[in-house]
Amino acid sequence: MKVRAQGMALSPEPGWEVRIRVRPADPGAADGRPRPVLHAATVPLPEGRGDFGGGVTALLGPEDVFLTLFEYDPAASTTALFATRGRPTPIPPDFSPSQLQRTLPGQSGRQWFFREGGRAFCLYVVLGSHARRVPLVRRAAALLATLDLDPGDGS
Amino acid sequence: MTITAERAPDRPRRRRGATALVDRLSAVLDARTSRRGFLARTAVVGSALAVGPVQYLVRPGTAYAAVCGDDSTCGSGYTVFCATILNGVNRCPPGSLVGGWWKADNSGFCCGSARYYIDCHSFCSCGCSGGSAFCGEGCRNCSCGCGPTSSCDQRRVCCNNFRYGQCRTDVACTGPVWCRVVTCTPPWRVPAWACSSTSATDNNTANHTAPGLPYCTAIDAFYTAVGGPGSFLGEARSGEIALAGGAYTEYDGGSIYWSGPSGAHEVHGRIRDAYRAYGAETGPLGYPTTSERRAPDGQGAYNDFNGSGGSTITWRADLGAHPVQGEIHNTWLALGALSGPLGYPTSAERVSADQVGRYQGFTGPGGDASVHWSPATGAHAVYGLIRRRWLALGGEDGVLGRPLTSELPAAGGGRYNEFVGRGTPTSPQATILWSGATGAHSVRGPIRAAWLAVGGSGGRLGYPVAEPRAAGRGRTRSDFQGGYVVLERRTGRTTITYT
């Protein structure tokens with residue numbers, strides 16, 4: 001079943017939970033437009049999860065994976081941080097236990113900033129076990145292979 | 001590293017009750033020696049107990065977790081607060097840049113508003129490789145470790161290679177998160193941080209804290225209200241520092257002082273320099289009762305203070321900053337302060353030649369005003385042409401002595417001041433009168449008494465038109481609009497002649 005919203009779509013295999021939600025803009029923000037965030041995990045996604053996995057990554061077991069696709073203001077797509085064109089294809093050597101928003105024992109992670117279709121994104125992947133990164137990255141990559149991103153409208 | 005930032009002893013919040021509860025239950029705590037032992041070792045026991053004494057007593061778990069709050073160990077995997085590693089200073093360390101931010105909504109730390117967490121990343125002295133956004137360990141300005149063991153914030157320092165990515169996106173390669181700053185001000189309103197408003201949220205971190213971090217104090221609420229680090233005050237240079245009866249925090253562009261009676265107000269620039277030169281809150285000026293305000297003429301500024309029964313420091317670019325205090329201040333206020341005839345002080349209060357009184361100069365009309373005080377006379381203002389005449393006659397040390405009134409309206413449309421003369425404060429013996437037609441001249445002694453007896457400036461003699469002068473042997477004469485008065489100095493007899 002394909003999950004589609006906000007110009008993002010994924011077709012997860014059984015065992016994945018995928019949610020796309022709109023992050024409300026902060027009151028008074030110059031860029032008042034809400035932006036989406038996509039969450040996918042092999043554990044149930046708690047309602048009170050943070051945009052980069054707060055409240056989720058502590059639930060991961062050694063066979064689990066969590067990923068976030070977080071969209072920024074399109075103006076960011078012209079900056080150095082988002083200079084990479086197109087989405088990444090994760091491979092096991094990319095991952096490290098020190099590349100986590102919250103460092104939890106045994107886990108491993110990696111983030112990529114990139115632009116695609118005039119949109120700016122960060123992909124952040126957390127593996128429940130660094131030791132088992134080869135099959136876990138394969139599992140994440142298989143899911144990401146189904147990712148569709150619509151071109152942005154420039155706003 | 002030990003945390004040395006102090007906290008205000010008398011918080012404008014609910015902690016007094018909590019602290020009292022802790023005091024009452026100290027006997028119970030004594031029985032729980034392992035926790036007491038921990039508490040004795042920690043440098044932050046006071047503030048930690050104030051935050052959650054009941055939680056500490058009733059919640060199972062380690063003493064550290066109960067006292068120090070959520071996810072505060074190194075093993076929690078989170079990054080330390082900058083205030084913990086910078087002696088209570090809640091700002092990014094030198095050699096770092098802001099790499100991104102997230103927020104927790106409805107935070108008690110921000111009095112119910114969103115609390116923002118700002119990630120400070122080390123700069124890199126080399127580039128990144130392999131498509132990574134993070135440089136290697138050899139070219140960072142910090143090393144991976146844990147927060148100080150004596151602290152309630154032992155989270156990771158300079159370890160986590162993760163970036164939120166809304167700030168300084170012109171820099172693609174950074175080191176790990178060195179530490180994090182918290183603020184109640186949206187980070188995109190702080191130009192120095194160069195953040196976008198792209199919002200990220202993680203309410204799971206809402207209760208993260210550290211000793212020295214603001215917790216909805218009056219100072220922090222004030223700081224947020226004026227724009228926090230995005231305001232002219234800029235970023236913090238100190239934690240909140242306890243003072244006798246209050247507290248203050250230093251910022252790049254000024255200071256915020258708080259006391260219960262005065263509230264929280266900022267002081268900055270030359271006015272702050274003058275305030276410090278006079279001993280700040282321990283000096284005669286006390287605590288500020290206003291923030292800096294623009295002067296009515298638009299050319300200067302001022303702060304009011306609660307010391308000496310009320311005081312003010314004014315500033316104007318060509319005059320500098322000077323305090324006005326005590327009874328001189330009261331007189332200045334009664335005459336309209338900066339909107340009145342005295343205008344700005346041109347100096348600080350000075351000691352009179354007799355070492356008893358005090359006086360202070362003011363810009364006045366044409367740069368010519370002063371207020372003079374002594375215990376016997378009180379404080380009174382002299383300005384304009386009356387003051388020039390008075391100074392010509394010797395000022396405080398001359399025949400007229402100190403003023404006994406400020407300038408008052410005289411009958412007939414002129415103005416006058418009374419002076420002690422050769423009399424006493426309860427029996428003035430000299431007056432200077434001014435009118436547009438006659439100028440300013442003194443009337444004194446028996447001639448003054450005779451002149452007053454026939455109606456003074458409102459009588460037939462009217463205003464003096466010249467200073468008293470010798471008029472033959474043993475005689476003094478004062479000329480008026482309507483005649484003259486001659487004094488026989490030996491007898492004290494006066495004769496009025498109308499012309």
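Author: Begin with burial. A residue is buried if 20 or more other C-beta atoms, placed from the backbone, lie within 10 Å of its own, exposed if 12 or fewer, and partly exposed in between. In helix α11 (residues 384-392) of chain B, the buried ones are B:Ile386, B:Arg387, B:Arg389 and B:Trp390. They lie on the same side of α11(B), because they cover an arc of only 160° around the axis. The arc is that of the directions from the helix axis to the C-beta atoms.

Reader: What are the ground rules here?

Author: This is a predicted model: local features need pLDDT of at least 70, side-chain atom pairs count only at pLDDT 80 or more, and totals for chains, interfaces and linings use all residues. Residues are numbered from 1 along each chain as its sequence is written, while chains are lettered from A and ligands numbered from 1 in the order in which they are written. Helices (H or I, at least four residues) and strands (E, at least two) are DSSP runs, numbered from the N terminus.

Reader: What covers the buried residues of α11(B)?

Author: Look for contacts: two residues are in contact if their C-beta atoms, placed from the backbone, lie within 7 Å. The cover includes β16 (369-374), β17 (378-383), β19 (415-419), β20 (430-435) and β21 (439-444) of chain B. After α11(B) comes B:Gly394, with a positive phi near 105°.

Reader: Which residues of helix α9 (residues 269-277) of chain B are buried?

Author: B:Ile271, B:Arg272, B:Ala274 and B:Tyr275. Their arc is only 160°, so they sit on the same side of α9(B). Just after α9(B), B:Gly279 has a positive phi of about 90°.
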